[in-house]
Amino acid sequence: MPAGRFAPATCPRLVIKIGSALLVDPSGQVRRDWMAGVVADIADRVAAGQQVAVVSSGAIALGARRLGLPKGGRASLEDAQAAAATGQIALSHCWAELLGERGLTAAQMLVTLDDLEDRRRYLNAAATLDRLMTLGVVPVINENDSVATAEIRFGDNDRLAARIGQAAAARGVVLLSDIDGLYTANPHRDPDARLVPEVTRIDAGIRAMADTGSASGMGSGGMVSKLEAARIAMSAGAHLAIISGKLDRPLTAFADGGRGTVFVAERGASARKAWLAGRLTAKGAIHVDAGAAAALGQGRSLLPAGATSVDGRFARGDVVDIIGPDALPVARGMAEYDADDAARIVGRRSDALEALLGYAPRAALVHRDHMVLL
């Protein structure tokens, strides 16, 4: 049974993401009774030996009502930051109180995109998560919207949940949503749309099913962000489920055979390669020809001869995307050269590099040991 992949016996650590429309009603009030049901689900799982973290949306929606801000607090970046700062303290208090009633301790973690894109900060966050969950604490995590800007933010908690799942070495990520899974078409517009119960590979056909809209209008993520979250989780060796949160005990309902879409994890990559695959930003790009793209697919390093051009300003060790001849990313890795030197040697054979650079060349533009296929 698909839900069995998320049971305490098979999934020692679980990350649960909850969308704004589930936590906050249209008037801007916390849906406290519904939250209590989710907390009861969490308490049952903790009692069964599962360690649980929660990625909780809702701060902006909650703060907007308290401040009387228009458009749910999203009329401007400044409004969103003010709403987040006001709503986060109320939301965290509610989580701490409800979890405390079940004998559980809550901890708050607010993170930014940079906290998980920078390798050292990522490892620090991972260590904190590990210690909290080992102690039986339930971390409640959100993006730090009070300081995040348009340029350095996740923008949705679906992808954040997948990255937290990766950092926590979780076996499963569950997205509680206002829709009960991935459909072959938008079920609000197409009566013939069918739920897809299981996905083992996110290909062009699966991406075509995604819809960018959020049914509630309150949150920031749609099905596209959920597919990206699934890609991140799967590459890190974690199963991801999209299920409806419109039930009083959604995790129990799913475990008892409820509907949902399960994205089945791939064989887990190394920790560094999983972090690379899950990154949402890159400092630049190296474009390659069809031969090089094929070689990468066979596990080879990227040599200068297969590169055609370079974009961006990056230094040696920065993360770059490798773009195939169809303009789609085929891999991501850590550059062995800075952008200027990389641009000088694209398309050149290895025996010509020393004369061009004036120093002994490195083995590759991007070495396979520091690269992950996308």
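Biologist: How many residues of domain 1 are in contact with domain 2, and how many of domain 2 are involved?

Modeller: 15 residues of domain 1 are in contact with 8 residues of domain 2, contact being heavy atoms within 4.5 Å. The model is predicted, with local features needing pLDDT of at least 70, side-chain atom pairs counting only at pLDDT 80 or more, and totals for chains, interfaces and linings using all residues. Residues are numbered from 1 along each chain as its sequence is written, and side-chain values use heavy atoms, without hydrogens and water.

The assignment for the protein chain places domain 1 at 2–267 and domain 2 at 273–373, with bounds from an automatic or database domain assignment. Taken over C-alpha atoms, the centres of domain 1 and domain 2 are 34 Å apart.

The largest pocket lies between domain 1 and domain 2, because both of them give residues to its lining. A pocket is an open set of points on a 1 Å grid over the protein atoms alone, where a 1.4 Å probe fits, with protein on both sides within 12 Å along at least five of seven lines; lining residues have an atom within 4 Å of a point. The space in the largest pocket is about 910 Å³, a volume being what probe spheres set on the points fill. Its lining consists of 29 residues, and those closest to the centre of the pocket are Ile202, Arg207, Arg231, Pro329 and Leu374.

Four elements each supply at least two residues of the lining of this pocket: helix H8 (204–209), helix H9 (223–235), strand E12 (329–335) and strand E13 (366–373). Helices (H or I, at least four residues) and strands (E, at least two) are DSSP runs numbered from the N terminus. Helix H9 gives the most to the lining of the largest pocket, namely 6 residues. Sorted by class, the lining has 15 nonpolar residues, 12 charged residues and 2 polar residues. Here Ala, Val, Leu, Ile, Met, Phe, Trp, Tyr, Cys and Pro are nonpolar, Asp, Glu, Lys and Arg charged, and the others, Gly among them, polar.

Next, some individual residues. Glutamine 166 is in helix H7, residues 157–167. Its relative accessibility is 10%, so glutamine 166 counts as buried; buried means under 20% relative accessible area, exposed over 50% and partly exposed in between (1.4 Å probe, protein chains only). Apart from neighbours within four places in sequence, glutamine 166 is in contact with Tyr122, Ala236, Ala274, Trp275 and Gly278.

Asparagine 144 sits in the loop between strand E4 (138–143) and H7. Asparagine 144 also counts as buried, because its relative accessibility is 18%. Leaving out residues up to four places away in sequence, asparagine 144 touches Leu110, Val111 and Thr112.

Alanine 327 has a positive phi of about 70 degrees although it is not a glycine. Most residues other than glycine have a negative phi. With a relative accessibility of 58%, alanine 327 counts as exposed.

Lysine 71 is another non-glycine residue with a positive phi, about 55 degrees. The loop that holds lysine 71 runs between helix H3 (59–67) and helix H4 (77–101). Lysine 71 counts as exposed because its relative accessibility is 70%.
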